[in-house]
Structures are given as C-alpha cells and as structure tokens.
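Subject: A structure for you to look at

Dear colleague,

I am passing on a structure that I would like you to open and look through before our next discussion. Please have it on the screen while you read the notes below it.

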Amino acid sequence: MADTFVPRPHCDHVAKVPCSNQEVSLSCGDCEKERIDTQRDRAAELLKEAQSRARDHSRPASVDIPPSHAEYNELVRKLRPFIPDELETEQQVVKKSVNPSLEAAFWASVKKLGNPRRIDTLCFVHLKPQALEKILKDGFDLKRDGSVFQSHHGILLHTTMPIPESGASHIHALICKVAVGQAKYMELKEIDTATIRLLRKSHDSCAQLPDGRYVVFHRSQVLPEVLISSAVRRKALIPGLVPRHWTSGSGLIDVTNEMAPKLLNLIKASSHPVCKGVDGKSCIADLHIKQVLRNQNLTLLSRYRLQQSSILEEKKGHGIPILSIQPGVEHHRFLNRDLNEVYLFHGSNPDTATIIARNGFDERVANLGGLFGAGIYFAQEGCKSAQYCRSKDAHGRFCLLYCRVTLGDIFYTDSTLANMRRPPARKDVPTVLYDSVVANPGVANGGHQVHRELIVYNGAQCLPEYIIYFTY
C-alpha cells in the first residue's frame, strides 16, 4: 500500500503524519532542524552580547536589577500553578541579578550542546535564602552547592516550588534557565553518586521522573536569574474549595493530552521492576494510557473538604498532633502535609469507577474479608493497584483511579486487621480513633507484606479525581 502524504498545518513541509497529531506527537524533521538551527543562532547572538558585557570592566561582576512592574506580574502569574492548594501567598519579594560572566558561560554552553533542549518552564533550587543569594550573584559551585545532592558531581534542580514545613511562614526559591542537553531519564531509586560519575562521561544531565528533578553536570548549564521570597499562610479548609488546576464547569473533563504522559511516567516509576501480581505476570512495562478524565464533582469535593475540617478539629480538640507519614510516599505529590493528604492509586473496573466518580467511595460495600478489614484500599505502587483492574469496557480498556486521600492520624500495623470496619482506637485517648491504617512492606502481615497499602474506612476521606483508561 502506497504511503499517504499530507501537508503539515503549520509549515509547507510534506510528511506522513501531521505535526498537530497529538496521539503520536511526531514532529517534522525539517521543522525540527530549523528549530535547532534557530536556537543555535540565537544562542550565538546572546553569547556574543554576553561576552561583550563581560569585557566591559566598567561594570561590576553582577548587577541587581529591580524587575519592572510587567515582569513582576508575569512572574507571579507563572508561579501561581506551583503554589499548593492549601497555601496562599501574601507578599512576594523578587530579586533579579545580571552577571555577564555567567551569561557568557551559559550561552557558550548552549551553543556547544547544539540541541540543548533548554527548559522554558521554571526550574527551582531548594536551598536556604543566604545560599540562594550567593548563587544568584556568583553562580554555582559544584563542591559547595552540589552537596545538596550529597555529591560533588551535579547540581540538583527542581521543577516544583519548595513546600514549607508545617508552621513555616516563607518559601524561597531561585529560578534558573537550564540547558539540559543530552539527558538520561531515570527512576528515583536508580540515581546515586556512582551513577552520576558514570553518566558524566556520556550525558550532560539526568532527570528523575515523575517528580521532575534534574541533575546537571556542569555549572555553565545553569543560569540563575531571579530569587523569589514569598510570605505564605495556610488557607482555612473551606468545604467546596476548588483546586486551582480545575477548569470551569463540573463533571468529567477530558485531560488526556495534559495528564496522560505524567500519569504514565508515574505508574511506571512507582511500580516494582518485577511484580508477579495476582495473575502471575507483570504487564506494567506494556501499559498504554488511552484516556484520562478529571472528575470535577463539586458535591464530592465539598464532602471531602468538610471531612478534612472535621479531622483537624477533632485532633486539635484532644491535643493530638498529626505526624507526617513514615516513610514518605515516593513519587506522589503531597497536597497538605498537615493532614497527610496525598495522591494514591485505586484499582477498579470501568463500571464501578463511573459509580465512584458520581457518588464517591462507599465503605458500606467494602469487603469485610479483606486483609485489613472492610476499608477502602489504596497503593502508592501502580503495579499493586493494577492487579485489581481485571474487567474491560466496551473499547477493551482497563480502568484505574488516581485519588486525593486524607490519611490524617495514621496507625501503622505489623499484623492483619481482619473483620475491622473502622481504624483502631488510640491507646492514649481511647475515645478517639485513628484516621487510617498503613501497612508498610516487610513489616505488616507478619513481615510478609510486599506492597505498601494505605487504608481508610470513611469514604469522605477520598476524592476520586482522575479516571485512567489504559490497555496492555
């Protein structure tokens, strides 16, 4: 059969697949070459300008430049999606500095890399304010600033804002341009000092997905530009408080283009390399996400926020602190550390997932014969939840839920909790129940627990936010 050629919608080139085809995300070879050439030419121009400024001995090494009103508003607009839902910014102080020598070194690095894959989104450095100010003026020192990665072989950068600990009143972040170059994408567990030493010989950087952290190997690949200090306060938990990333309207919203790549990386990165599962084999490596729906159910959101408020009031009324989950939940984003609110997976089937999205989780229909009683079970490993995705819809797709879960005050079990319909009572305050049960691997179930399971016994503590349809 002869190939069918179609013109690309945004250029005059001819190719087999349109540039705008979002399913395959292919780009025209000629377009890509032009993009790289344009980027390289632009880098050469900026390098020339930076070198000229660096030779101007009448100027100091670095100059503090107050951002214009327009620059400030644009920066605040860009930062807004990075601020967690429970935080509210009250005042932001922005420091902008220009160091011609650092600029020249950065654009020389961009030109040398050829196809630098420069990050246009914001990149953050998480260090103390005094260290950030020094980096803004003088650039990175691998021996000094690389220690945040516990080695002298790379600079650790984040694509998320630092989240303040409970009680903190400010957040500080250094915003940088980064030339990623040839990157090695790796799971969190794989990156260590020995790996960094080896990768430096063949790559310019490595990245940890899905948490969006980069380690770049050369100080010239990072250009510090702006230091931001923001006063924050935690919002009161108001029933119906809508997450910032939700769009207008309610119901099931198709967010496949935005969320499918992120969730696919998350599922694979959080899964065990070898996971036999209930069917005796692992298929996670062959998993393909076909559709992602965001469940903007305002009724369930209001119920969920109200339950959060109830948990906080009860624990404060009895003087019981809510301690952070131990160990932390790898890969998944924390939403509210004061309540141990985190995203987690829940395996289901397409028909049940639709009912849950409409009516929420219902603990009354939970199986009393479960290993930890009649609870609502969640997992941080994608491979664990995928074991329970056994039925297909009319299109041959399995279904997985990605939910907000408020764990609150956690009971860590070292055994099973058969026939339980609620979490255990606290020993110090017998009239108060824990809010959830966590079964850690190698500890729970007499030491035979393989996956980490997180269980709540009240459906109002879970918000089914995403429905993921996938195939193998």
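What follows is a short account of what was found, from the whole chain down to single residues.

Please keep in mind that this is a predicted model. The protein chain has 10 helices and 21 strands, and of its 472 residues 48% count as buried. Among the contacts in the chain with a separation of 6 or more, 77% are made by residues 24 or more positions apart. The accessible surface comes to about 23600 Å², and carbon and sulfur atoms hold 52% of that surface.

Next come the aromatic rings. A pair of aromatic rings is described by the distance of the centres and the angle of the planes. The structure holds 10 aromatic pairs, and one of them is formed by Phe 345 and Tyr 402, whose ring centres are 5.0 Å apart and whose planes meet at 40 degrees, so the pair is tilted. Because Phe 345 lies in strand β15 (residues 341–348) and Tyr 402 in strand β17 (residues 398–406), this pair ties together parts that are 57 residues apart in sequence. Another ring, that of Tyr 469, has Arg 397 over its face, at 4.3 Å from the ring centre.

Then there are the cysteines. How many disulfides does the count come to? It comes to zero. For Cys 403 the closest cysteine sulfur is the one in Cys 462, and because the distance is 7.0 Å, it is too far for a bond. Cys 403 is buried, with a relative accessible area of 0%, and Cys 383 also counts as buried, at 4%.

Lastly, some details of the backbone deserve a look. Most residues other than glycine have a negative phi, and most peptide bonds are trans. The peptide bond from Gln 326 to Pro 327, however, is cis, with omega near -15 degrees, and Pro 327 is placed in the loop between α8 (298–317) and β14 (334–336). Asn 340, in the loop between β14 and β15, has a positive phi of about 55 degrees, and with 1% relative accessibility it counts as buried. Asn 419, in the loop between β18 (410–412) and β19 (436–439), has a positive phi too, near 65 degrees, but Asn 419 is exposed, with a relative accessible area of 57%.

Definitions and conventions:
Residues are numbered from 1 along each chain as its sequence is written. This is a predicted model: local features need pLDDT of at least 70, side-chain atom pairs count only at pLDDT 80 or more; totals for chains, interfaces and linings use all residues. Side-chain values use heavy atoms; hydrogens and water are left out. Rings of Phe, Tyr and Trp (its six-membered ring) pair if their centres lie within 6.5 Å; planes under 30 degrees apart count as stacked, over 60 as edge-to-face and the rest as tilted. Helices (H or I, at least four residues) and strands (E, at least two) are DSSP runs, numbered from the N terminus. A charge sits over a ring if NZ of Lys or CZ of Arg is within 6 Å of the ring centre and within 35 degrees of the ring normal. A disulfide is a pair of cysteine sulfur atoms within 2.5 Å. Buried means under 20% relative accessible area, exposed over 50%, partly exposed in between (1.4 Å probe, protein chains only). Contact means heavy atoms within 4.5 Å. Accessible areas come from the Shrake-Rupley method with a 1.4 Å probe; for residues, only the protein chains shown count as cover.
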